[in-house]
Amino acid sequence: MTDRRRINGPPSGTRPAVFASSLKSASSISTGRPRRQRQPDELRKIFLKTGLIPSASGSAYLEFEPSASLAAARSNPQSLIPPSSALKLACTVHGPKPLPRSASFSPNVVLTTHVKYAPFAARQRKGHIRDASERDLGVHLETALRGVIVAERWPKSGLDITITILEAEDDRWWGDAPDSHDAPWGMMNVLAGCITAASAAIADARIDCLDLVAGGVAAIVSDESAEGETSTPKLMLDTDPAEHKSILSACVVAYMPSRDEITELWLKGDHSKASLGTTDQSLNHESLIDGAVNAARGAHTVLAEAVKESAERFAGLSTGANTV
Amino acid sequence: MTAQRQASSASQSLLISPAELSYLYTSLSLPDGPIRPDGRSPTQFRPLTAETDILPGTNGSARVGFADGTQAIVGVKAEVEKTVVAAEALNLSQQQTQEDYADNEGGEGQKTSSHGHGSWVQMSIEIPGFRDDDALPVFLSEMMREPLVESVAGAGDGMGGDEMAGGLKGRLVINKRWHWRLYIDVLLLSQPLSYPLPLLSLTTHLALLSTKLPKLKSKGEEDPFFDDDWNAAEYLYPRSPSGPRLSSTKQVRPPVTLLVISVGDNVIFDPNREEIAVADTVLAVSVTQDSDSDGLKLLSIRTVDPPSRLTQPGVSNSENVATLGSTAAAEEAAMTDPSTGEEVAGVWRPRRGGVKRRTIAKMLKLVLQKGGVGEEVLEGLEGVQVG
């Protein structure tokens, strides 16, 4: 469905031209791919802050640490195209608020999730109307959160969770041909970020939950080594799709550490070849899920800190109001 | 509108009373195996009727009907389309190939072109009572499209494997400049009485099995030119010439998505409407069969929001004023904190929380193991007369 009410720009934005003279050789392109500088089980740093939007009952802002290659490219630009992008998103929670009079009775809180990419969030411009992938993300997020919120404490009320993605993860490195691996791997990182941020925002809105649910991503990737050959597949946590030539399989979970339970699981990709090639039996779906759970555990520590900060601010506000 | 919205992520099963839900849950979570309302075993599917090639105007079609009256029709249409290659990708890949040629004397120059693009497969699902941008149709179509474009077969080390190198995406490539675009249109003819995923997935599988593409007469990088004899057309998923029963060499098959629920410690397949209403966990697991491994391949897993989270809780006798069991203190406690009351046997509580990892592992094992449900389903579908 196209947006007919506004005058839109071209559906696919134009890219800055890459002049052949600015490239030292064709091989500089293949080596231009950002490299993962972290250990396989090392996560990117997460910035998470609550309470940034005063008009909402709860809000959170989440940012992933940009990869080292981006920082290097900014200080010493080789090309106009940034080598990678990092996730930035804002989440607001409105409610619990009464349902409109026309709505039918609901014994539980009616949860509505709305995930939207900003038009400039990805390299390919997104329209103003939510497309299928954004709706899909919304359903995933709803599943993840509905298991956590104690819904029967707010009968006849609604809870709206809105996420705006300001900068999205890349699905692949920009220099790769679009058919090399076209699956939207970046969406999985985006979903993990959405879950973590929404969890912080819900806690910031003081809505009762069973636990703080955190999102985590793990993937089985087969990287190219320095000689250009693909090496044996490896399990990595918190993968940046731009840094890997081929991602075989990836998994997102929404995980509650204190109950050791998963509320949302999304695994996709074909990793059967990974376990065929090697004798390593650890490259199966179970280790992938365990890896994602470990990544979620890491995100949970950040989440707990952010929620603590939110609670302290709230306590400070209430004592401040008493003294005045 | 909110009722519609809630019904979109779960199925429409809100009209079961807490007492009924509790009865169902208890009988399905029995430790010696579940007792299902329709008497099936935990891994048994509902009886269904299926036929293929029912629509002459399509490349492939199928109809599946369950005994409860739900029916679905799938039509697959294919169109030839010019491959659009983004300018910078073209440049880069050309440079890459030149380099390749220089390196190994033109050994692997054409390798890049055998990959297809996932967006060449389009799926649309129409369910009565839902708009096409509602959450349920969007979620279902993404759930079924994902394993289709994801399945990548091994790089041609066996008969039939050559054609399916690169999976369905690779099969759609005609040459560097042309490709097939596949439209899969799913039509649910009846109201969605239960969660329609198993029905739609089985129908799509059969439709893809019966899909034929015209035989290509042109060669290499020429503009495509096809044989106009429909009898010479080739199956999209190649079928073994000596009949489907010969399964010594496994054929690549379209993926099939199974709906699995867990109730208590039990795992149940193909749940009907009543069973899914009390499920603790609902998983959609997509599997396929490949030529280069004898087991099943797992392609995707998604959790589906179980509708049991939306149900109304029952009230136990000790809290109920009408049964004289209520004391002032209990009432007070219920007022201040209505949900911390512990589980009373026989009183329905909406499910909360998630699923343990060992439960997921158990569900997946039942699907994937040798002689498990996944193989059984694929074998059963193979038995449907195609063509």
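This is a predicted model: local features need pLDDT of at least 70, side-chain atom pairs count only at pLDDT 80 or more; totals for chains, interfaces and linings use all residues.
**Entry 1**

I began with chain A. I found five strands in an open sheet, in the order E1-E2-E3-E5-E4, with mixed pairing. Which strands stand at the edges? They are E1 (46–50) and E4 (110–117) of chain A, each with a single partner strand, so one side of each is left without a neighbour in the sheet. Neighbouring strands are turned by 15 degrees against each other on average, with direction ignored.

**Entry 2: pairs of strands in chain A**

Next I followed strand E5 (residues 157–167) of chain A. E5(A) pairs with E4(A) in the parallel sense, over eight bridges. I noted one pair of residues there: Thr113(A) has Ile161(A) in E5(A) as its bridge partner.

**Entry 3: helices on the sheet of chain A**

I looked for helices that pack on this sheet. Helix H3 (residues 132–146) of chain A touches E4 and E5 of chain A. The direction of H3(A) makes about 140 degrees with that of E4(A). Helix H4 (residues 186–204) of chain A also packs on the sheet. H4(A) touches E1, strand E2 (58–64), strand E3 (88–98), E4 and E5 of chain A. The direction of H4(A) makes about 145 degrees with that of E2(A).

I went back to H3(A). From its first C-alpha to its last it reaches 21 Å, close to the 21 Å expected at 1.5 Å a residue. Is H3(A) mostly covered or mostly open? H3(A) is mostly covered, with 13 of its 15 residues buried. I also checked the hand of the unit made by E4(A), H3(A) and E5(A). This β-α-β unit is left-handed.

On its other pairing, E5(A) runs antiparallel to E3(A), and nine bridges join the two. Here Pro98(A) stands opposite Ser157(A) in E5(A).

**Entry 4: the nonpolar core**

How many residues does the largest nonpolar core have? I read 165. Among those with the most contacts inside this core are Leu191(A), Cys194(A), Val253(A) and Ala292(A). H4(A) gives the most to this core, with 13 residues.

Leaving out residues up to four places away in sequence, Ala292(A) touches Gly216(A), Val217(A), Ala218(A), Cys251(A), Val252(A) and Val253(A).

**Entry 5: the sheet of chain B**

I turned to chain B. Its five strands form an open sheet in the order E1-E2-E3-E5-E4, and the pairing is mixed. Strand E1 (48–52) and strand E4 (121–126) of chain B have a single partner strand each, so they stand at the edges with one side lacking a neighbour in the sheet. The twist averages 15 degrees from one strand to the next.

Strands E2 (residues 60–66) and E3 (residues 71–82) of chain B run antiparallel, joined by six bridges. Gly60(B) has Val76(B) in E3(B) as its bridge partner. Helix H6 (residues 197–209) of chain B packs on this sheet and touches E1, E2, E3, E4 and strand E5 (178–188) of chain B. The direction of H6(B) makes about 150 degrees with that of E2(B).

**Entry 6: Val355(B)**

Where is Val355(B)? I found Val355(B) in the loop between helix H8 (328–336) and helix H9 (357–368) of chain B. Val355(B) counts as buried because 22 C-beta neighbours lie inside 10 Å. Beyond four places in sequence, Val355(B) touches residues including Glu261(A), Ile262(A), Asp280(B) and Ile360(B). Asp280(B) is 75 residues apart from Val355(B) along the chain, yet their C-alpha atoms are separated by 7.6 Å.

Methods: Residues are numbered from 1 along each chain as its sequence is written. Chains are lettered from A and ligands numbered from 1 in the order in which they are written. Two strands pair if DSSP finds at least two bridges between them. Helices (H or I, at least four residues) and strands (E, at least two) are DSSP runs, numbered from the N terminus. Axes are lines fitted to C-alpha atoms, for helices over the stretch in contact, and angles run from 0 to 180 degrees between N-to-C directions. Two residues are in contact if their C-beta atoms, placed from the backbone, lie within 7 Å. A nonpolar core is a set of buried Ala, Val, Leu, Ile, Met, Phe, Trp, Tyr and Cys residues joined through C-beta atoms within 7 Å. A residue is buried if 20 or more other C-beta atoms lie within 10 Å of its own, exposed if 12 or fewer, and partly exposed in between; C-beta atoms are placed from the backbone. The expected span of a helix is 1.5 Å times one less than its number of residues. A crossover is right-handed if, with the strands pointing away from the viewer, the path from the first strand over the helix to the second runs clockwise.
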